[in-house]
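Try each task before reading its solution.

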Amino acid sequence: MVVSTRMALDGAHAAAHAMRQINPDVVAAYPITPQTAIVQTFSQYVADGEVDTEFIAVESEHAAMSACVGAASAGGRVMTATAANGLALMWEILYIAASSRLPIVMSVVNRALSAPLNIHCDHSDSMGARDAGWIQLYSETGQEAYDNLFQAVRISEHPDLLLPVMVMQDGFITGHGVGRVDVLDDSAVQDFIGTYKAKHSLLDVDHPTTFGSWDMYDYYFEHKRQQTDAMSKAMKVIVDVGKEFGETFGRSYGIFDSYAVDDADLAIIVLSSTAGTARTTVKKLRAEGVKIGLLKPRVFRPFPAQEFVDALKGVKAVAVLDRSVSFGAMYGAGPMFLEVSAALFAGGSQAKAVNYIYGLRGRDVIPEHIEQVASDLQEVADTGKVKSLVNYLGLRE
Amino acid sequence: MPEQKATWKEANIAGLVFEPGSSAEYNTGTWRTRRPVHDMNKCTHCMICWVYCPDSAVIVRDGRWAAFDYDHCKGCGICASVCPIKTEAHEHTGKEGKVIQMVLEEE
């Protein structure tokens, strides 16, 4: 029987609880809104002796990720947390963590990048890091952010992968929004994540190993190919771990969380908390007879290209909602639209795809916006024509 | 026959190196465009070049200057810069200057 305690927690405290239960060897972190509640709460656990973690209070996020790289190279189970400009300051070391094949797990509370200064939610921070070589899991609720962290530990440490994982939740909306979270029993968490024994460690003096070696034109290319190979193996691991988590704790996780997509003519694709708003609206529209479905990706890296094509089979018109912009990209589209479009084209799909940029810097997205999207999609499906490829929800025109 | 390098499937993960001290096998001397030459007749074996060389490319035997390790000398010229001993006609270049002088690699 699964033992859990139902608690009222915001997403940040849920993530801090997960970190307490994971009890990592090392956490190196720097506080930044809206992630602060995670680091502040976790450092209290350290001070109270509730965890065995070596907590390194660093001077910046660049130093935080650097310390994580060192600790993970030494064979430790390592975690950190950040948001927005903090994630941007980590950029250089994000690549080094992934390329060094270090299983670091990071909790990211999505927040807009400056400027102008804004502390509220959009996905420009983690989307900017999408090519750094990290696995990316997006969470709709505090519960998902909590559950995803345990799975992230298992995924990142899988011997076929050895890749860092970032687990996202929406800043303030999820991070500071109190909701119901079933907190698992500490020992059940430990049983699920197991112990981590690094195959290679800086501290293994009997097997001296050089980490971060000089890698010239004769080998760098091969090492990059190894990284793409590990990414290509990640999807199966993510699915397997999500299934095992479901069998153990009763909450299964896959690549998507889809609603009413199977027989749908129209589909909406959206990450994280807005999926809740979209699901409610889709339910209402379904009751009115609109054949619409919702596809919420949980995994953005590796990108589930074929899985998107399969999931959208039979769909005539699809709207991709992006909470960030890829500046200068095709028609100023968002990153998820660009990749979904590429996947649909490469997969031979006939579905018409349109893009909606929404919710930048915490701008509210409300059911009426989703209904507008559905109405636009119906027109695209009926006429077979896309009038406007990239659109803006909730922008004053 | 050229050396067979590991394929991406065979190469160590993340470029990890499991043999300690193996950087000696990497002949950085191939980067060199200018190389130091040494005048044994005037050298006082003060070993200042040995102290300053960043690549440990000055070979010493029995406390005396013996040779440059041209497999690893990158030709940075620090030894020639710090050499304190003058010569009127260098053993190799014939030029007035220091005991260690830099010449073009092909000379």
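The exercises below go from domains to a sheet and then to the chain contact.

This is a predicted model, in which local features need pLDDT of at least 70, side-chain atom pairs count only at pLDDT 80 or more, and totals for chains, interfaces and linings use all residues. Residues are numbered from 1 along each chain as its sequence is written, while chains are lettered from A and ligands numbered from 1 in the order in which they are written.

**Exercise 1.** Find the domains of chain A and describe how they touch.

Solution. Start with the bounds, which come from an automatic or database domain assignment: domain 1 of chain A is 4–249 and domain 2 is 256–392. Next, their C-alpha centres lie 28 Å apart. The contact (C-beta atoms, placed from the backbone, within 7 Å) takes 27 residues from domain 1 of chain A and 20 residues from domain 2. On the domain 1 side, H9(A) gives the largest share, five residues; helices are DSSP runs (H or I, at least four residues), strands likewise (E, at least two), numbered from the N terminus.

**Exercise 2.** Trace the open sheet of seven strands in chain A.

Solution. Follow the order E3-E2-E4-E5-E7-E6-E12 (chain A); the pairing is mixed, and a pair needs at least two DSSP bridges. The edges are E3 (54–57) and E12 (299–301) of chain A. Then look inside: E6(A) and E7(A) run parallel over four bridges, and A:Leu137 has A:Val167 as its bridge partner in E7(A).

**Exercise 3.** How many residues of chain B are in contact with chain A?

Solution. Count 11 residues of chain B, facing 17 residues of chain A.

Methods:
Contact = placed C-beta atoms within 7 Å.
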